[in-house]
Amino acid sequence: ANAREKEHSSAEKSTTLKSINRPSDAPAEWVIAAGLKEDLAIREKVSKNASQAMHVLTATENILTQATDIVQKVHEMALATASSEILAGGVRPHVLPEVKGLYDNLIQVLNTRFGNRTLLAGHQTLSPAFDSQGNFVGDSNKIEIEIDRGMKVPINLSAEQTIMGKGLQNGVDVLGSIRALITGLETNDSQMISYSVGELNRATEQLSLGRTQIAGRMSQIDRALNNHGLTKVESADAIADIEEADP
């Protein structure tokens, strides 16, 4: 009976190439291997979350990059129309339609969706972040995702902070600064146009701050993904040392 049991065990090991096929083969080692496998499975899921988070943050960074380009163009036009009173007076009526077009384009960019969800609307992801008048209609709730065991990072930015300037020292309403320029151009108000030049400059810096926040989170995710790759190899080696049979 012992010989038949050993023969069966040997045949099973040669078929599966594992020295431990059931808890009774080696209870302590089987428990350790099972724990390592469970941890590895969880880390695989977390790693997928981290990869998805990287895509979302990349899309958000693209939004801020496009928004920065638009604001810089508007700033250049505001600076040009405010520089020379005589020349600017004749130029302003021609600049106004382009500024309005860039304003509408900026709202469209800020309402960019990733999949079927608006990125800058907080938890209100199924609706636009801003309406056609530039009013923020989302919220500032964070969407956090686990990128490593016990480590979570927000994958969305607060539009109230990054775009509206709320909660920031010397924060500026990015859309409001462009609306001020439009009003100044419509009324030929040089003082308002000059005021909007400074506001637009601060708006560019504020958008750059948002991009810096995203870059920091992407660095965290990148480190988490690298750590997962190393942990995966180490865990797989440990499991192999415990389970694999001697050829």
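Modeller: In helix 5, the residues V174, L175, G176, S177, I178, A180, L181, I182, G184 and L185 are buried. Please bear in mind that the model is predicted.

Biologist: What makes helix 5 largely enclosed by the rest of the structure?

Modeller: A residue is called buried when its relative accessible area is under 20%. Ten of the 14 residues of helix 5 are buried, so this helix is largely enclosed by the rest of the structure.

Biologist: How do you know that the reach of helix 5 is close to the expected one?

Modeller: Helix 5 covers residues 174-187, and the distance from its first C-alpha to its last is 21 Å. At 1.5 Å a residue, 20 Å is expected, and the value found is close to that.

Biologist: What is found at the two ends of helix 5?

Modeller: At its start, a side-chain oxygen of D173 comes to within 3.3 Å of the backbone nitrogen of L175. After the helix comes N188, which has a positive phi, near 55°.

Biologist: Why is the pair of E186 and K100 called a salt bridge?

Modeller: The closest N and O atoms of E186 and K100 are 3.1 Å apart. The cut-off is 4 Å, so the pair qualifies as a salt bridge. Since E186 belongs to helix 5 and K100 to helix 3 (residues 85-110), the pair ties together parts that are 86 residues apart in sequence.

Biologist: Which other pairs meet the salt-bridge cut-off?

Modeller: The structure holds four salt bridges. Among them are K166 with E160, at 3.7 Å, and D173 with R179, at 3.6 Å. Both values are within 4 Å, so both pairs qualify.

Biologist: Why is K166 called exposed, and what is E160 called?

Modeller: Exposed means over 50%. K166 has 52% relative accessibility, so K166 counts as exposed. E160, at 25%, is partly exposed, because that value lies between 20% and 50%.

Biologist: How do you know that strand 3 and strand 4 pair?

Modeller: At least two bridges are required. Strand 3 (residues 144-148) and strand 4 (residues 151-154) share four bridges, so they pair, and the sense is antiparallel. E144 stands opposite P154, and D148 has M151 as its bridge partner. Two residues lie between the strands, which form a hairpin, and G150 in the turn has a positive phi of about 80°.

Conventions
Residues are numbered from 1 along each chain as its sequence is written. This is a predicted model: local features need pLDDT of at least 70, side-chain atom pairs count only at pLDDT 80 or more; totals for chains, interfaces and linings use all residues. Side-chain values use heavy atoms; hydrogens and water are left out. The expected span of a helix is 1.5 Å times one less than its number of residues. Buried means under 20% relative accessible area, exposed over 50%, partly exposed in between (1.4 Å probe, protein chains only). A polar contact is a pair of N or O atoms within 3.5 Å; within protein, one must be able to donate a hydrogen and the other to accept it, and residues adjacent in sequence count only if both atoms are side-chain atoms. A salt bridge is a side-chain nitrogen of Lys or Arg within 4 Å of a carboxyl oxygen of Asp or Glu.
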